[in-house]
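This briefing covers the surroundings of the ligands and the salt bridges, grouped by topic below.

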Amino acid sequence: MTYVVTDTCIRCKYLDCVDVCPVDCFNEGEHMLVIHPDECIDCGVCEPECPAEAIVADTQPELESRLELNAKYASAWPNITIKRAPPNDAEAFDGMPNKLEKYFSPDPGPGD
Ligand code: SF4
Ligand code: F3S
């Protein structure tokens, strides 16, 4: 198993998760993070740290497409290990439905 970042992260990007991961397996896109499924050691430490509750174990149902998204972009986006300030408008996007369709970007973020 692994943990995955879901589209709940999109445009929230609070970045609390990157501070706690012992193996630095978060990668940064323009609007969300993903977890590298081959590097995650399933410790679960990041899950309760996310204020948006965007991180889940892939044992939850119907997560196959999100796992594929994490695996695909973990290879394409730069690693991030140091927390920065979240976007100024993060709270406006917290809990918004259908963010994948509206706001997903395949572009990389800056990383560390
Ligand atoms: Fe990192 Fe552990 Fe979260 Fe995996 S479960 S991304 S190893 S903090
Ligand atoms: Fe995203 Fe939550 Fe981390 S909003 S950046 S998964 S703390």
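This is a predicted model: local features need pLDDT of at least 70, side-chain atom pairs count only at pLDDT 80 or more; totals for chains, interfaces and linings use all residues.

A residue counts as being around a ligand if one of its heavy atoms lies within 4 Å of that ligand.

**Ligand surroundings**

- The residues around ligand 1 are Tyr3, Cys21, Pro22, Val23, Cys25, Phe26, Ile35, Cys40, Ile41, Cys43, Gly44 and Cys46, a shell that by class comprises eleven nonpolar residues, one polar residue and no charged residues.
- The space that ligand 1 takes is the second largest cavity, whereas the space taken by ligand 2 is the largest cavity.
- Around ligand 2 lie Cys9, Lys13, Tyr14, Leu15, Asp16, Cys17, Leu33, Cys50, Pro51 and Ile55, and by class this shell has eight nonpolar, two charged and no polar residues.

**Salt bridges**

- The structure holds five salt bridges, and one of them joins Asp7 to Arg66, with the closest N and O atoms 2.4 Å apart. This pair links distant parts of the chain, since Asp7 lies in the loop between strand E1 (3–5) and helix H1 (16–20) and Arg66 in helix H2 (residues 64–76), 59 residues apart.
- Asp7 is buried, with a relative accessible area of 16%.
- Lys83 forms a salt bridge with Asp16, the closest N and O atoms being 3.6 Å apart; Lys83 lies in the loop between H2 and H3 and Asp16 in helix H1, so the pair ties together parts that are 67 residues apart in sequence.
- Lys83 is partly exposed at 32% relative accessibility, and Asp16 is partly exposed at 23%.
- Lys13, Glu28 and Arg84 are linked in a network of salt bridges.

Terms used:
Residues are numbered from 1 along each chain as its sequence is written. Chains are lettered from A and ligands numbered from 1 in the order in which they are written. Side-chain values use heavy atoms; hydrogens and water are left out. On a 1 Å grid over the protein atoms alone, a cavity is a set of points where a 1.4 Å probe fits but cannot get out, and a pocket is an open set with protein on both sides within 12 Å along at least five of seven lines; lining residues have an atom within 4 Å of a point. A molecule sits in a cavity or pocket if more than half of its atoms lie within 2 Å of its grid points. Ala, Val, Leu, Ile, Met, Phe, Trp, Tyr, Cys and Pro count as nonpolar, Asp, Glu, Lys and Arg as charged, and the others, Gly among them, as polar. A salt bridge is a side-chain nitrogen of Lys or Arg within 4 Å of a carboxyl oxygen of Asp or Glu. Helices (H or I, at least four residues) and strands (E, at least two) are DSSP runs, numbered from the N terminus. Buried means under 20% relative accessible area, exposed over 50%, partly exposed in between (1.4 Å probe, protein chains only).
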